[in-house]
Amino acid sequence: MNIKPDDKTIKQLLLSGRQFYIPRFQREYSWEKKNYQEFIEDMIENLSIDKGMISWNQYFLGTMLFIGNISEGTAQQISVVDGQQRLTTITILFSALSDKFRTLGKTELSSQLFKYVMTKDDDGNDVRILKSKTHYPFFAYYIQDLNKSNPTTPNSEEEICIKETYDYFSDILTEKKIKALLLRKNGKDLVDSLSFIDILKAIRDQVLNSTIITISTTDKEQANKIFEILNAKGKRLAHIDLIKNKVFEVLNKIEPADFAEEHWKDIKDTLYSGKESVGFATFYRHYWISKYKKSSSKKLYDDFLKDNVSKKVDSCKLFLQDMLRNAKYYMEILNPNLSNYNNRKEYTWLVQSLKSLTNDFNIVQVRIALLSLFDVKDRNLISTKKFMDAILYLENFHFVYNALLTLRANKLEKIYSTFAISLRNSTSKDETTRIINEKLFEPLDAIYPSLEDFCAKFTELTYSKKDNPFNVKTKYALNRLNCYYSNKEIFEADGSIEHLCPESQGGLALNIGNLILLEQKINNAAGEKEYKDKLRDYNKSQYKWIHKFCTDNPNWNESQIEDRASMMAETFYTRVLGRE
């Protein structure tokens, strides 16, 4: 194996100039209180006090596994295979500790510590040292923003876990509680003599100087093998391991071929076959609650045993075959590409919609519903129009509910599970249509955000060349509006964002009311010209929206931005979404 082991401190790792990316197939951040409590208490109790001074000691944080070469090469992004729970926890701790320094008036200490959370590239642009699609943009707002300027509400189990970890660290980083921990192995006089600031600095140094063994390889398959080896011993069996054992116990014949082994391998290979992969456990839970019963991770094995699928050879074989079929659906959902449909242009809308749900909005729960829709489509139990209506409805709903308003997504899982199980049991196109109307559209309509709430968030959208959590949402909104005015379904391939008042003005100039979609070539030509000069370039555009805008706005200045943003919001809600 071409692997490169090395020992590093956390400080060396975070200052390596790399961005540590958590692939989609990794499980979400899920440390419980006992995990992060043990971590911070270990850091504090490992400190030494001598002659009125507090200092750090050597501490080993285990092994971390990466795809890429940390020590050599110029590739900035490194994928984390093993170690994301620890790296995420350290990042949350440093954010909480930085906030504590700032609260105490130590702004320089706060800023210096934050360089281990956020850094800058050679052009001076902000770069998140830890990056993950599953918790973006919540993590960026709540943890990786020094000033916490855009507070947001957690809307998934992972985001709730991140907030609980941060809140716990913020709570324990008080003079009274930290000194209480230090008293476990130090005398009261020694502890009382220490300043609070020095204790906080020592906690910072203890984490930064903790040692890890990094193992890196450029080969994804090698990384997965190493991961299995590192985690094979002493690991408590997860529900998916127990289910696998039961299936293999029932399908115990290995001649002339090992049906169970071959199909299990095919499912696993399928889940790792795309650019975006997914863990077997994540896929299995979505598949199970899409077809059998809504179950928590802890109850999946018990519910599997209760179902007849686990009792007979034939039913186990059908179960594996159906899982493999659904694994293929899952990868179509996770890796939208026209090649999945033999490059047939009539499926371009589907690829675009799935990319929005998967890549732009990063919606996980919707996969439960999508699996069932792909299932009935494959069995010819849904009309092309109804299939399209359902997918586009989900895209619209999640843009409003999750991407824009960042509302809690927990309640959606039950809706999607109930709908998916009913849909899979459909026996005709008429029944499928009824189930989609009654068990998908109606429950989601009941919780659809109002025009007022939608407009309040829509008018806050901004776009800039710098890394901005709003950028993806804003570009999506502009593309949808452009499609509406052009009476098209598909986004323009050459569309780019134009700031009517120059972006360099900042402030309101970044707001969506100051933005238009324009061909890249014309956008470049318009540059930083005065608006009256830009109009000549704008009128060369082939986009119908541009011509309407130029006709309606022969003049433009900053005072018009907010009114236009409100008008765009209402148009989007009533016309694009069709919610009169």
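Biologist: Where is Asn-342 found, in terms of the helices around it?

Modeller: This is a predicted model. Asn-342 sits in the loop between helix 15 (313–334) and helix 16 (348–360).

Biologist: What is the phi of Asn-342?

Modeller: The general idea comes first. Most residues other than glycine have a negative phi. In this structure, Asn-342 has a positive phi of about 55°, although it is not a glycine.

Biologist: Is Asn-342 buried or exposed?

Modeller: Exposed means over 50% relative accessible area. Asn-342 counts as exposed because its relative accessibility is 65%.

Biologist: Which value does phi take in Asn-487, and where is the place of that residue?

Modeller: Phi of Asn-487 is near 55°, a positive value in a residue other than glycine. Asn-487 belongs to the loop between helix 22 (471–486) and strand 11 (495–499). With a relative accessibility of 71%, Asn-487 counts as exposed.

Biologist: Now a residue within a helix. Is Ser-417 buried or exposed?

Modeller: The cut-off for buried is under 20% relative accessible area. Ser-417 has 2% relative accessibility, so it counts as buried. Ser-417 lies in helix 19 (residues 410–424). Leaving aside neighbours within four places in sequence, Ser-417 is in contact with Ile-289, Lys-293, Lys-294 and Ile-368.

Biologist: How should I read Lys-246, and what is its relative accessible area?

Modeller: Partly exposed covers the range between the buried cut-off of under 20% and the exposed cut-off of over 50%. Lys-246 has a relative accessible area of 21% and is therefore partly exposed. Lys-246 is part of helix 11 (residues 239–250). Not counting residues up to four places away in sequence, Lys-246 touches Tyr-301, Phe-304, Leu-305 and Ser-310. The C-alpha atoms of Lys-246 and Phe-572 are separated by 51 Å, and these residues are 326 apart along the chain.

Biologist: Which residues of the largest nonpolar core touch the most other members?

Modeller: In soluble globular proteins, nonpolar side chains tend to be buried together. Here the largest nonpolar core has 117 residues, and Leu-373, Tyr-416, Phe-454 and Phe-458 touch the most other members. Helix 18 (residues 384–404) gives the largest share of this core, twelve residues. Apart from this core lies another, of 60 residues, including Leu-13, Val-80, Leu-87 and Leu-93.

Biologist: With which residues is Leu-373 in contact, leaving aside its neighbours within four places in sequence?

Modeller: The contacts of Leu-373 are Ile-382, Phe-387, Ala-390, Ile-391, Leu-394, Phe-419, Leu-423 and Ile-436, with those sequence neighbours left aside.

Biologist: Moving to the whole chain, how many helices and strands are there?

Modeller: The protein chain has 26 helices and twelve strands. Of its 580 residues, 54% are buried. Among contacts with a separation of 6 or more, 71% are between residues 24 or more positions apart.

Biologist: What radius of gyration does the protein chain have, and what would a compact globule have?

Modeller: A compact globule with 580 residues would have a radius of gyration near 25 Å, and the protein chain has 27 Å, which agrees. Along the principal axes, the C-alpha atoms fill a box of roughly 75 × 75 × 45 Å.

Biologist: What is left to read on the surface and the charges?

Modeller: The accessible surface of the protein chain is about 27,200 Å², and 47% of that belongs to carbon and sulfur atoms. There are 84 positive and 79 negative side chains, and the centres of the two sets are 2 Å apart.

Terms used. Residues numbered from 1 in each chain as written. Predicted model: local features only at pLDDT ≥ 70, side-chain atom pairs only at ≥ 80, totals over all residues. Heavy atoms only, no water. Helix = DSSP H or I, 4+ residues; strand = E, 2+ residues; numbered from the N terminus. Rg over C-alpha atoms; globule rule 2.2 N^0.38 Å. Buried < 20%, exposed > 50% of the residue type's maximum accessible area, 1.4 Å probe, protein only. Contact = heavy atoms within 4.5 Å. Areas by Shrake-Rupley, 256 points an atom, 1.4 Å probe, with all protein chains shown as cover. Lys, Arg positive; Asp, Glu negative; His and termini not counted. Charge placed at Lys NZ, Arg CZ, Asp CG, Glu CD. Core = buried A, V, L, I, M, F, W, Y, C linked by side-chain atoms within 4.5 Å.
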